[in-house]
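Colleague: I am new to this structure and would like to know what stands behind the terms used for it. Please set each value against its rule.

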Amino acid sequence: MANATYDRKEQYNQISSGLLQGEQIIAVYDAIGTGTGFIGLTDRRVIIQDRSFVGKKFAITSIPYSKITSVSVVSNKSWGGQFFSTGAIAIHVGTHTYEVEFRGSDKAHHVHNVILHYIS
């Protein structure tokens, strides 16, 4: 997709190499902190690189939007101002929660809104 947003070309390429026929990339954002390498959003699913496995293993996890029960803005401070004053979100899938932290609240805001669009 020509107008997809991404942080790192190699992450974008990794997502694009596994697309289903007709699937379009919306965005691929680098994640900071432990556990998650990046998050990709397509018009069909959320794709998360999970680096939390033992032995330097990682997984690419695809989550269909239909399986996501909610998306949250995560903050370690009280809501004294903006809704998106933080750069982290949590994606709830059944009993599992994927937390993704970004460099900047704008990316968290974009990911949150795209997921909310597809699950509502």
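Modeller: A nonpolar core is a set of buried Ala, Val, Leu, Ile, Met, Phe, Trp, Tyr and Cys residues joined through side-chain atoms within 4.5 Å. Buried means under 20% relative accessible area, exposed over 50%, and partly exposed in between, with a 1.4 Å probe and protein chains only. This is a predicted model, in which local features need pLDDT of at least 70 and side-chain atom pairs count only at pLDDT 80 or more, while totals for chains, interfaces and linings use all residues. Residues are numbered from 1 along each chain as its sequence is written, and side-chain values use heavy atoms, with hydrogens and water left out.

Colleague: Which residues of the largest nonpolar core touch the most other members?

Modeller: They are I39, L41, V46, I89, I91 and I115, out of 22 residues in that core. Helix α2 (105-119) is among the elements that each supply at least two residues, and α2 gives the most, with four. Helices (H or I, at least four residues) and strands (E, at least two) are DSSP runs, numbered from the N terminus.

Colleague: Why are the buried residues of α1 said to line one face?

Modeller: Q11, Y12 and I15 are buried in α1, residues 9-16. Seen down the axis of α1, the buried residues fall within an arc of 100°, so they line one face of the helix. The arc is that of the directions from the helix axis to the C-beta atoms.

Colleague: What makes R8 and E10 a salt bridge?

Modeller: The rule asks for a side-chain nitrogen of Lys or Arg within 4 Å of a carboxyl oxygen of Asp or Glu. The side chains of R8 and E10 meet at 3.1 Å, N to O, so the pair qualifies. By this rule there are five salt bridges.

Colleague: What does the salt bridge of E23 and R45 tie together?

Modeller: The side chains of E23 and R45 meet at 2.7 Å, N to O. E23 lies in the loop between α1 and β2 and R45 in strand β4, so the pair ties together parts that are 22 residues apart in sequence. Both E23 and R45 are buried.
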